[in-house]
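The following paragraphs lead the reader through selected elements of one structure.

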Amino acid sequence: GSVSGDPSGRPSIKLVAADGSVSQYASLNGWSCGAGPIAVDGNGNVYVSPVGNPSGATLSDGELLKVAANGTVSVVVTGLGVVPATGLAVDAGGNVYFATATNASAFSNGTGNFGEILKVSPSGAVSTFASGLTMPEALACDSSGNVFVADDGPMVVYKITPGGAMSAFGITVSSITDGLATDAAGNLYGDDSAVYQVLPGLMPKLIGEYPVENYNPSTYGIV
């Protein structure tokens, strides 16, 4: 199944099973926040970066929370970037990638190259994985450890190798990309108001459109 934020805005995480049934996965009661980007590792741990100040910190203190399989919520690390995370992804090694920026005003206006991706190791060590982006949004990892990021400023999807080499991979269909995902075959998919396949160097291939007018997946934390 997949995990999404609670569409009512309550601080909780919902599990959407493969059959479409919805259940409560974890409660963030006591955390003054809403669910932001979500990613899941191979052990079933869920990572979420709240939109708010879960432990009394300001929004400039980006926090990464971990929800274990038993529902226990813990803080992995704080102080990530100066804006709430715009994208999260986890690789096979358990490293979490956190899209953010070093200049909140420039990021909001889509000016300058202040966007960055931070890498959080399983031990909680933080390092800069990529920088020089404009408006990094959705993230995804493939089975080879490559990280894909939709930079909504230039409307480009970049591929970043485990060693940090970054190259343009494809383009997005709009300036708002709500999610990226890879499948077992290594295909990359994105979504905004539609679901599309990102093709290397080519126009994206439309897969399907949402049946609900003005439906925005990011409102629900869907990745």
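Where is aspartate 152 found? Aspartate 152 lies in the loop between strand 15 and strand 16 (156–160); strands here are DSSP runs (E, at least two residues), numbered from the N terminus. The model is predicted: local features need pLDDT of at least 70, side-chain atom pairs count only at pLDDT 80 or more, and totals for chains, interfaces and linings use all residues. Residues are numbered from 1 along each chain as its sequence is written, and side-chain values use heavy atoms, with hydrogens and water left out.

Aspartate 152 has a relative accessible area of 3% and is therefore buried, a term that means under 20% relative accessible area (1.4 Å probe, protein chains only). From C-alpha to C-alpha, aspartate 152 is 9.8 Å from aspartate 178, while 26 residues separate the two in sequence.

Strand 14 (residues 136–141) is mostly covered, with six of its six residues buried. Strand 14 and strand 15 (residues 147–151) run antiparallel and are joined by four bridges; two strands pair if DSSP finds at least two bridges between them. Alanine 140 has phenylalanine 148 in strand 15 as its bridge partner. The hairpin of these strands has five residues between them, and there glycine 145 adopts a positive phi near 90°.

Methods: Buried < 20%, exposed > 50% of the residue type's maximum accessible area, 1.4 Å probe, protein only.
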